[in-house]
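Here is a walk through a structure for someone meeting it for the first time. Have a look at the sequence and the fold, and then we'll go through the details together.

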Amino acid sequence: MNIQEIINLFKVGKTTAKSHMKNLIEMAAVDGNFDQVEYDLLKKIAKRNSISESQLKDIRNKPDVIKFELPKDKKERFHQFYDLVHMMSVDNSILPEEMELINLYAVKYGYPREHSKELIDTIQSNIKYGQTHDETYKRVELMVS
């Protein structure tokens, strides 16, 4: 792999990460209340994705600049979907608008609509009991296969 290919991979990863941050912001704000617990989770996920707080503020202030990017890697898609479910659930209050949005994301991320409720319930349960993305991924793979 030459240096340009490595640079391109980094750019694609960064673009996907920014798209992910935009999606998380949208999920946090859909209920009309972007509270501190949601913002703290957003900062934690941003840090994990090498997105600075200043970049996060830019994304939040100018969401139209960021286009939706679906990760090519199946496992990364799951990790992003897991984060979206976590964001929806973190304030312990799930409104119908949030459920509608998370179901749209489930389909966008490639999950069959008929499995979305079970998938979301499984992720929420695993988050509640402290299981990681990877542990949850293994369980979900068995469920949607």
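Let's begin with a definition: a charge sits over a ring if NZ of Lys or CZ of Arg is within 6 Å of the ring centre and within 35 degrees of the ring normal. Lys 108 does this with Phe 68, lying over the face of the ring at 4.5 Å from its centre. Arg 60 and Phe 34 give another case, with the charged end of Arg 60 over the ring, 4.0 Å from the centre.

Before going further, a word on what you're looking at. This is a predicted model, in which local features need pLDDT of at least 70 and side-chain atom pairs count only at pLDDT 80 or more, while totals for chains, interfaces and linings use all residues. Residues are numbered from 1 along each chain as its sequence is written, and side-chain values use heavy atoms, with hydrogens and water left out.

Now for the core. Here a nonpolar core is a set of buried Ala, Val, Leu, Ile, Met, Phe, Trp, Tyr and Cys residues joined through side-chain atoms within 4.5 Å. Buried means under 20% relative accessible area, exposed means over 50%, and partly exposed is in between, using a 1.4 Å probe and protein chains only. The largest core has 37 residues, and Met 21, Leu 42 and Phe 81 touch the most other members. The elements giving two or more residues to this core are α1 (3-29), α2, α3 (53-61), α4, α5 (96-108), α6 (116-128) and α7. Helix α4 gives the most, with seven residues. (Helices, H or I with at least four residues, and strands, E with at least two, are DSSP runs numbered from the N terminus.) In soluble globular proteins, nonpolar side chains tend to be buried together.

Zoom in on Leu 42. Contact means heavy atoms within 4.5 Å. Leaving aside neighbours within four places in sequence, Leu 42 is in contact with Met 21, Leu 24, Ile 25, Phe 34, Leu 56 and Met 87.

Phe 81 also takes us to the aromatic rings. Rings of Phe, Tyr and Trp (its six-membered ring) pair if their centres lie within 6.5 Å; planes under 30 degrees apart count as stacked, over 60 as edge-to-face and the rest as tilted. By this rule the count comes to seven aromatic pairs. In one of them, Phe 81 and Tyr 109 have ring centres 6.1 Å apart and planes at 45°, so the pair is tilted. This pair links distant parts of the chain, with Phe 81 in helix α4 and Tyr 109 in the loop between α5 and α6, 28 residues apart. Phe 81 and Tyr 109 are buried. Ring pairs also join Phe 68, Phe 81, Tyr 105, Tyr 109 and Tyr 111 into a cluster.

Tyr 109 is also one of the residues touched by His 20. His 20 is in helix α1 and is buried, with a relative accessible area of 1%. Not counting residues up to four places away in sequence, His 20 touches Ile 45, Asn 49, Gln 80, Asp 83 and Tyr 109. Asn 49 is in the loop between α2 and α3, and is buried too, with a relative accessible area of 18%.

A salt bridge is a side-chain nitrogen of Lys or Arg within 4 Å of a carboxyl oxygen of Asp or Glu. How many does a search of the whole structure find? There are six salt bridges. In one, Arg 48 meets Asp 83, with the closest N and O atoms 2.4 Å apart. Arg 48 lies in helix α2 (residues 36-48) and Asp 83 in helix α4 (residues 74-89), so the pair ties together parts that are 35 residues apart in sequence. Arg 48 is partly exposed at 45% relative accessibility, whereas Asp 83 is buried at 2%.

Another salt bridge joins Lys 75 and Asp 134, the closest N and O atoms being 3.4 Å apart. Lys 75 is in helix α4 and Asp 134 in helix α7 (residues 133-144), so this pair ties together parts that are 59 residues apart in sequence.

Finally, the loops. Ser 50, in the loop between α2 and α3, has a positive phi near 60° although it is a residue other than glycine. Asn 92, in the loop between α4 and α5, has a positive phi of about 60° and is not a glycine. Asn 92 is exposed, at 75% relative accessibility.
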